[in-house]
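Biologist: I am new to this structure. Please walk me through it, one question at a time.

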Amino acid sequence: MKSRIGAMVKKEFIQLSRDRRTLAMMILLPVIGLIAFGYAVSFDIDQIRVAVVDQAENEASRELWEELEAYEEFILDKSMNEEQARQALSEGDVDVVMVLPADYQFFPQEESGKMQTLVDGSRLFTAQSALWKIHAFMIDVQQKQFQEVQEQIQGIVESTEDLGVDLSANEKLVALGQLIPAEKMKELQKALEEVMAQAKEKRAEAMQEHLASLLPDQEMMEPAVDVLYNPDLKSVHYMIPGLVGLVLIFITTLMTALGIVREKERGTLEQLIVSPLRPFELILGKLLPYMLIALVDFLLVLGVGITLFDVPFTGEIGSFFLVAIFFLVGSLGLGLLISTVSQNQQQAMQLAVLTLVPQFILSGFVFPLEAMPWGIRWAAYLMPLTYFLPISRGVFLKEATAFDFPMELGILTLYAVLFITVAAIRFRRNLA
Amino acid sequence: MLLDVKDVSKDYGKERAIANLSFTLAAGEICGVLGPDGAGKTTLLRLIVGLLSPTEGRINRKGLLGYVPQEFGLYEEMSIRENLFFFGQLHGMDKKKIRERMEELLAWTGLAPFVERQAGYLSGGMKRKLEMAVAMLHEPELLVLDEPTNGVDPVSRQEVWQMITRIGKAGTGVLVSTQYLEEARYCNRVLFLEKGSLLQEAVPSTLIQDFPYKVVAIREAFRSRGRFSDLLLAEQGVIDVYTRGADLVVICEDPEVVDVLAREEEDVVIEEVAPSFEDIFIHALQQKRGEIP
């Protein structure tokens, strides 16, 4: 038995070594895919292009411009009027248009003084990125402006300290002063001034304190946000762990289906059936090589992801490898299943793509499951990749082991057993 | 008996591909399966090797099996050596045994100089020989060949039949299908199929003896063929007239009807010949279809 399976595995590798294109596809495609996805599929936009239309040209607008210029994430253009700027936005030459109306004020009292911001929603990710950046910028600037207002208020309070009182201007006091010797009068005036100054100072202090309690503390205004696991919110850190799963499922499902259907198409499968090779030996002999290649791919993608894209691998590799094997067995079963219903390689290819595309879209690889309506979401929960992704992301980024995801692990194991069993039964029936 | 086929029928949906067929095959016997396209030859062979299961009836097969399908069924990316080695291992042979058999078979098929060549780069005849070598590698008792001479040049065809004859002589039972009716002469026995039923089961040599008509060849009839044919078909007792190469062949009850031509033209060369297997089977077919008495 062992020698027959061994012969099958060896045969598969001889065939692959002669079929360089397929071999290259199996080894290089995942890496190329990873690099392409890693670099291209990023929602992070470093700089956005902003057209500023200044219709006010007042102090507030000039101040805002200075602030904008200091911000490195903006590429600014002030040369356009509103119509030109809107045109540039629609043609994609700029990402954002800021219109400062004639009555522009930073803290406007009326609607006509408000700044208007335009983004192009048809370029979804750019628009989201731009909104995010503008929001951050506005908060910065608002804080600065707020601080200035605060300082101004304090200035007003302080300026009321010196009341500018002149005792000699009061007639009653002058009359009283004549009853007292001039020297004593001076002393009295001095004492009075001191008492009053102290009272004023006290009063000013109280007012300042009161004001300070009314105006919020600048530093305390900022919410305390800690982004865990992916502090810089890099999309590549989110994509690579998912990509590991996608690559595995793609290679195994497609290659298994094609590999078996090719034997069917060329008539070699009949020779195998007529030989003493038993069905389970045939299945094992066919699946093992793809399993080995997929595991090599797995390590390759893992290595490239970690070294080239600096994606941290914080969790535990052993259990992750185990999950990968379960996941792979499921995909191999799916490939085998496809091969039982396909008559030729073209059909197998189409069917494989038919099972892979929904996984790509619905599994949460790119788009969050939470954002999907339940009408579609249930379909996502039928897909193995949906359960692999949380484990992969957890192990990569959250210092987890695969056993921290017992439900996902259980479902993947169930899928592996289910797919491979159904496929094997169907395949056997096909052979008979 | 190596093979005992009893009342076997095979349906594809509503269509009956094989109808109630029975026959046996003994060791050392070469049994030809003949018939026109669509007669059910391949279906019958696939039933026997187990690639299909019968709708009715049973097939008992004994001993090791070797099978050469109609289409080339070996690995084109692998060399002759690799193919032989792979199938040897599938049959549980050890490396030493495979090497021994491989040498024998390579010498026997004449493939030895090409042992490292990938199967995909072999000629049609060489591919056939390789398939036979693979099928014979584990020394099967029963060898099933599906149209082994189809698409092979005349020289290779003869070589393939020489190999089959030797395999039979060595004691292996051979079941071989062919669409070339003349190849019946290499067989000990033939099954002639028509629409899934057994039209005739016979020993080729007796078939020739038992043919109820005479066959006459009019040599080099060339230009007069059309006129001769019309003349002869008008005569009583002429069953069929057809051209074969340069000759006109007449199948008739009595060869003397051909004398009608001598009256027309003096230098016709008329010769009585043995019936070909084509004559015999086409006659049987026409009789079955009720076209001739």
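This is a predicted model: local features need pLDDT of at least 70, side-chain atom pairs count only at pLDDT 80 or more; totals for chains, interfaces and linings use all residues.

Biologist: Is A:Val353 buried, partly exposed or exposed?

Modeller: Buried means under 20% relative accessible area, and exposed means over 50%. A:Val353 has a relative accessible area of 37%. That value falls in between, so A:Val353 is partly exposed.

Biologist: Which helix gives the most to the nonpolar patch?

Modeller: The patch covers about 560 Å² and includes A:Leu124, A:Phe125, A:Met349 and A:Val353. Two helices of chain A, α5 (124-159) and α13 (345-362), each supply at least two of its residues. The one that gives the most, with four residues, is α13(A).

Biologist: Now the two chains. How much area is buried between chain A and chain B?

Modeller: The size of an interface is often given as the accessible area lost when the parts come together. The contact here takes 22 residues from chain A and 21 residues from chain B. Carbon and sulfur atoms give 60% of the buried area. The area buried between chain A and chain B is about 2100 Å².

Biologist: Which three residues supply more than any other three of the area that chain A buries against chain B?

Modeller: Their share is 29% of what chain A buries there. The three are A:Arg18, A:Gln271 and A:Val274.

Biologist: Which residue of chain B forms a salt bridge with A:Glu270?

Modeller: Three salt bridges are found across the interface of chain A and chain B. A salt bridge needs a side-chain nitrogen of Lys or Arg within 4 Å of a carboxyl oxygen of Asp or Glu. For A:Glu270, the closest N and O atoms of the pair are 2.4 Å apart. The partner is B:Arg46.

Biologist: Which element gives the most to the side of chain A that touches chain B?

Modeller: Elements giving two or more residues to that side are α1 (2-18), α9 (235-266) and α10 (268-274) of chain A. The one that gives the most, with eight residues, is α1(A).

Biologist: Last, B:Thr149. Is B:Thr149 buried or exposed?

Modeller: B:Thr149 sits in the loop between β6 (142-146) and α5 (154-169) of chain B. Among the residues that B:Thr149 touches are B:Arg157, B:Trp161 and B:Tyr180. Its relative accessibility is 1%. The cut-off is under 20%, so B:Thr149 counts as buried.

Definitions and conventions:
Residues are numbered from 1 along each chain as its sequence is written. Chains are lettered from A and ligands numbered from 1 in the order in which they are written. Side-chain values use heavy atoms; hydrogens and water are left out. Patches are made of residues with over 30% relative accessible area and no salt bridge: like charges are joined within 9 Å, nonpolar side chains (Val, Leu, Ile, Met, Phe, Trp, Tyr) within 5 Å. Accessible areas come from the Shrake-Rupley method with a 1.4 Å probe; for residues, only the protein chains shown count as cover. Buried means under 20% relative accessible area, exposed over 50%, partly exposed in between (1.4 Å probe, protein chains only). Contact means heavy atoms within 4.5 Å. Buried area is the accessible area (1.4 Å probe) that two parts lose on being put together, summed over both. Lists of a residue's contacts leave out its neighbours within four places in sequence.
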